[in-house]
Every structure is written in structure tokens, then in C-alpha cells.
Amino acid sequence: MAKFRRRTCIILSLFILFIISLMMGLKALRPNTTTFGDPFGLDLLPDLRHRTIHLGKTVDSRKSDRVNSETHTKSLKRVEITMKPSKASELNLEELQPLNYYLHVFYYSWYGNPQFDGKYIHWNHPVLEHWDPRIAKNYPQGKHNPPDDIGSSFYPELGSYSSRDPSVIETHMRQMRSASIGVLALSWYPPDSSDENGEPTDDLVPTILDKAHKYNIKVTFHIEPYGNRDDQSMYTNVKYIIDKYGNHPAFYRYKARTGKALPMFYIYDSYITKPEKWANLLTVSGSQSVRNSPYDGLFIALLVEEKHKYEILHSGFDGIYTYFATNGFTYGSSHQNWAGLKHFCDTYNLIFIPSVGPGYIDTSIRPWNTHNTRNRVNGKYYEAALNAALQARPSLISVTSFNEWHEGTQIEKAVPKRNSHTVYLDYRPHKPNLYLELTRKWSEKYSKERAIYALDHQKPIS
């Protein structure tokens, strides 16, 4: 009888472990049919919060103190342990597979530290308050305190680096080159402008272009929602970018169906501006039109809600991208909708650019947003997203992101680190370059498949 009981206990224990593992996997991959969570916050989805709040459940404050499967704060009575960055060896470009200029990655140059900037920038990101005071009161406030306490759930191999450090830029280009990424989409604000937590960075563009060119990487621009962005200011800024940077050999151009090689501009939060305003800039008859001028380009709108499809069409945009690395969070970021979006784009001669990411966790700056976390599952989440993108046969694919550390979407190298009050997530049991290697693997696969289906005749200038 005792032997029978032991066997029953063992079987029951194994069954419970199986159920727990299954639930963790489902949480990580988040099925496409899931309801959307609450929006990230006013800073990420302006004007959409009140329109999308009904799609998800309100945060349960009673659960807020529980440690989820990828939380980064624990009470630890240990000394700080940080892995040293590995020495970057010289890349032999001839031994690497060719760059894929149909694969783009979003890149951020807003980080700073005392050595290069006189202070920490962005690594000391404030903890953002929830818009509902009843929920906000349950969470801590204040700023992070680098270098040990940064606004991220992961810790970079390069430490709390400065985007002004030439060696950092060089290392980033080497990592992108090793991943066969052909184009970086640079987060960009006009001169003397920045996000509310940063400093102006337009003066870094020449160095980024030079370093990119060294590795045959191209640079396109991801135009952020700077203050008072409208058709007139956009014309001024597009003209500025093309006049100042357009002759650099690393400046990215994409051959349109017309046969002309045109600059490409991703427009973040494009839905904020009314279609009539965009039409002034992006249609031939518009009052601020860039069409058929030296400042013409391919303008890619961010699609969040399904109805944005027709607003984008009426605005005169040339394509759409989905940005968010959170499957199920928005209509555009939901993998199950990509085939339909590709069909829509084909119907109206638009470029479809799905955005894939390795995971999502922003609880270091939005501690109330745990329900939108997407666990990485040792790379499985990323590969599922890449596979979904390839199934849609897109013209281009974008990766969110190379180094958006606040939202945990980075593919840049991360290392284990812990101190007396924090333990950071990392890529173990794999090496710090796991997501660069996965990107390289899928870049090659995408390049081969795209060559076969050749959905359009657009070719990048390489």
C-alpha cells in the first residue's frame, strides 16, 4: 500500500509540474485570440487609451505585489555580481553571410552617462504613474538610480552606456552586422528636440552614418512624435534630413514600383495627426506636397487599430508597419491579422512591414503593466513571431528592437547581473548573443524565401 501511495504521489507531482509548465508556456506565447491588455500608457498610445480601455481587464491591484515569471525585483542579501563584457573580436566580413537589406531594426541613441554626457540619460528613467489614481497609489514612484539600478528588466553587456561613445556605436554596428541586419531605423527628433526623458541627439547622426557605412549597414529614419508635428513641420524636417544626410553612402533608399530609389521614413504614432493633414504632405495635390519633388520618399505609417487602414490610405502613406512586439496587444501587432493586412496592402499598392520582437516587459518603468508582458521562452517567442511574419510574405520585416531596453524588446547582448535589491533577467542558459544569432538564422531564411516569392519588384539600394 505504501508503495502504491508513493507511486501515486510521484505521478500526481509530475502531472502538476506538467500543468504548471503548460500554463507558463501559454502565458509566454499568448494566443492570438486573447483579449488585449490595457494600453501601455499615454506616452506610447496617445489618444487611444480611452478608445481601447474596454478591450482589456483592469489591473487587479491585489495581484500587483506578486512576483510573476519574469519580474526583475527580488529581495536578495548578496553582493553585486556583474558579468564583464566580452572582448569584441574583429569581424571577418568575408566570412559572414550577406546583409539582408529587407530586414530593418529599430535603434535608439538616447542613452547617456556621466563620462560622455555629464549625467545619466534614460537609464534613470522615471517610474511612470498609472492614469487611474486608484491604481497608481499601489505602485512606487521616483527614478531609477544607475549604474546598478536602471530602467530596464535586463542589463546590457556594455553596462549603462552612452550613445555618444564611439566605441559603443561601433560595437552596435558589429552586432547588427553579425546578425545580418541590413538597415537600422534610427529613432529621430528634430535638432534641439527630444523625448521628455532625453536630450537632443540629431548631432549623433553623422557618426552613426559613418559607423554604419563601415559595416555596409544602411540607415533610415524613424520619426518620433515631436511637439507640434504636422504637415508643415514634417515637410521642413524631411527636407532637413534629405539635404543634410541624403548624400551619405549609408543613407537608405528603397526602389519603389516606379523604379525610383526613394528614402524611407517610418512615422511613429502617425494616427495622432488627422488624415487631411497628412494628405497635404503625401498626396500630389497637397498644399505641402513632397510628391515628385527632391523630397519625395516612402512614408510608412504605424497601424494600431483596424480602422487605421483606411485613414492611412486616405492620408497618402506608402505603407504600414506594426511596431509593437506584443502579440495580441493591438490589432496591428497580432500575428493572426498579418495575412489580412498583407492582402489589404497588396490591394492598394502599399508596403506591408510587420514588426517582430523577442518579447516584452516594461515593468521597470510601468510596474502596473504586467499583463502585457510576453516572456521570451528562450527565443521561442521571437521565432514564432518571425515565422508568422514570413508566412505573410512581406516586402520588408522590422525588428522591435535593437536596444529599447525600457520595454525589454532588445536583441542587443544582455548579461546576468544582481545586487542587494535587484536581479536582472538575462538570456541564460544561452549566451548573450542569443537573439543576434536567431536574427541571423531567420535573416538568411527570409532572404531565401523572399527571393523565391518576389512579391514585388522593389529592390533596396545596397
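Strand 7, helix 9 (residues 308–315) and strand 8 form a right-handed β-α-β unit, where right-handed means that, with the strands pointing away from the viewer, the path from the first strand over the helix to the second runs clockwise. The model is predicted, so that local features need pLDDT of at least 70 and side-chain atom pairs count only at pLDDT 80 or more, while totals for chains, interfaces and linings use all residues. Residues are numbered from 1 along each chain as its sequence is written, and side-chain values use heavy atoms, with hydrogens and water left out.

**The chain as a whole**
- The chain holds 12 helices and 12 strands, these being DSSP runs numbered from the N terminus (H or I, at least four residues, for helices; E, at least two, for strands).
- Of the 462 residues in the chain, 57% are buried, a term for under 20% relative accessible area, with exposed being over 50% and partly exposed in between (1.4 Å probe, protein chains only).

**Strand 7 and its partners**
- Strand 7 (residues 298–302) is largely enclosed by the rest of the structure, because 5 of its 5 residues are buried.
- Leu298, Ile300 and Leu302 lie on one side of strand 7 and Phe299 and Ala301 on the other, and both faces are covered.
- Strand 6 (residues 261–267) pairs with strand 7 in the parallel sense over 4 bridges, pairing being counted if DSSP finds at least two bridges between two strands.
- Met264 has Leu298 of strand 7 as its bridge partner, and the chain passes from strand 6 through helix 8 to strand 7 in a right-handed β-α-β crossover.
- Strand 7 also runs parallel to strand 8 (residues 319–321), to which 3 bridges join it, and there Ile300 stands opposite Gly319.

**Helix 7 against helix 8**
- The axes of helix 7 (residues 231–245) and helix 8 (residues 275–282) come within 9 Å and cross at roughly 35°, where axes are lines fitted to C-alpha atoms over the stretch in contact and angles run from 0 to 180 degrees between N-to-C directions.
- Asp231, Met234 and Tyr235 of helix 7 make the contact with Lys277, Trp278, Asn280 and Leu281 of helix 8, contact meaning heavy atoms within 4.5 Å.

**Val105**
- Val105 is found in strand 2 (residues 100–107) and is buried, with a relative accessible area of 0%.
- The C-alpha atoms of Val105 and Val399 are separated by 4.5 Å, although the two residues are 294 residues apart along the chain.
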